[in-house]
Amino acid sequence: MMNERIKLLAEQATTYIDPIANDGVCWAFNKEKFAQLIVAECAEVILKTFVVHNEIDAMHRIRDNVKQHFGVTE
């Protein structure tokens, strides 16, 4: 079962399209955007994790490594 945050990210990656021009299809799901949103959300969770002062640099490196691993530049 998906949590509400995943559902919201999926909605953000879905756009309405003209059904007449697209064989009756009304919605387009952008898988790449969805993946980018998830990775960005993971990076935010990493940065919001409580750490002691000397761990902050490590958290930034971990965030950057996660984003780089998935090719997310935002």
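Q: A disulfide is a pair of cysteine sulfur atoms within 2.5 Å. How many disulfides does the structure hold?
A: In general, a disulfide is a covalent bond between the sulfur atoms of two cysteines. The present model is predicted, and it holds zero disulfides. Two cysteines may still be described by their accessibility. Cys-26 counts as partly exposed because its relative accessibility is 28%. Cys-42, at 37%, likewise counts as partly exposed.

Q: Which secondary structure elements does the protein have, and how do they run from the N terminus on?
A: The protein comes to three helices and two strands. Read from the N terminus, the order is α-β-β-α-α. The radius of gyration is 17 Å, well over the 11 Å that the globule rule gives for 74 residues, so the protein is more spread out than a compact globule. Along the principal axes, the C-alpha atoms fill a box of roughly 60 × 25 × 15 Å.

Q: Which residues make up the largest nonpolar core?
A: The general idea is that in soluble globular proteins, nonpolar side chains tend to be buried together. Here the largest nonpolar core has five residues, namely Leu-9, Ala-10, Ala-13, Phe-34 and Leu-37. Helices H1 and H2 each supply at least two residues of this core. Ala-10 deserves a separate look: leaving aside its neighbours within four places in sequence, Ala-10 is in contact with Phe-29 and Phe-34.

Q: How many salt bridges does a search of the whole structure find?
A: To read a salt bridge, one looks for a side-chain nitrogen of Lys or Arg within 4 Å of a carboxyl oxygen of Asp or Glu. The search finds three salt bridges. One of them joins Lys-7 to Glu-4, with 3.5 Å between the closest N and O atoms. These two residues lie three residues apart in helix H1 (residues 4-12), about one turn of the helix. Lys-7 is partly exposed at 30% relative accessibility, whereas Glu-4 is exposed at 58%.

Q: Where do the partners Arg-5 and Glu-41 lie?
A: Arg-5 and Glu-41 meet through their side chains in a salt bridge of 2.7 Å, N to O. This pair links distant parts of the chain, with Arg-5 in helix H1 and Glu-41 in helix H2 (residues 31-48), 36 residues apart. Arg-5 is partly exposed, with a relative accessible area of 35%, and Glu-41 is partly exposed at 25%.

Q: Is Arg-63 buried or exposed?
A: Arg-63 is buried, because its relative accessible area is 18%. Arg-63 forms a salt bridge with Asp-64, in which the closest N and O atoms are 2.8 Å apart. Asp-64 counts as partly exposed at 37% relative accessibility.

Q: How many aromatic pairs does a search of the whole structure find?
A: A pair of aromatic rings is described by the distance of the centres and the angle of the planes. The search finds two aromatic pairs. One of them, formed by Tyr-16 and Trp-27, is edge-to-face, with 5.4 Å centre to centre and 75° between the planes. Tyr-16 lies in strand S1 (residues 14-16) and Trp-27 in strand S2 (residues 27-29), so the pair ties together parts that are eleven residues apart in sequence. Tyr-16 counts as exposed at 54% relative accessibility, and Trp-27 counts as exposed at 55%.

Terms used: Residues numbered from 1 in each chain as written. Predicted model: local features only at pLDDT ≥ 70, side-chain atom pairs only at ≥ 80, totals over all residues. Heavy atoms only, no water. Buried < 20%, exposed > 50% of the residue type's maximum accessible area, 1.4 Å probe, protein only. Helix = DSSP H or I, 4+ residues; strand = E, 2+ residues; numbered from the N terminus. Phe/Tyr/Trp six-rings, centres within 6.5 Å; stacked < 30°, edge-to-face > 60°. Core = buried A, V, L, I, M, F, W, Y, C linked by side-chain atoms within 4.5 Å. Contact = heavy atoms within 4.5 Å. Rg over C-alpha atoms; globule rule 2.2 N^0.38 Å.
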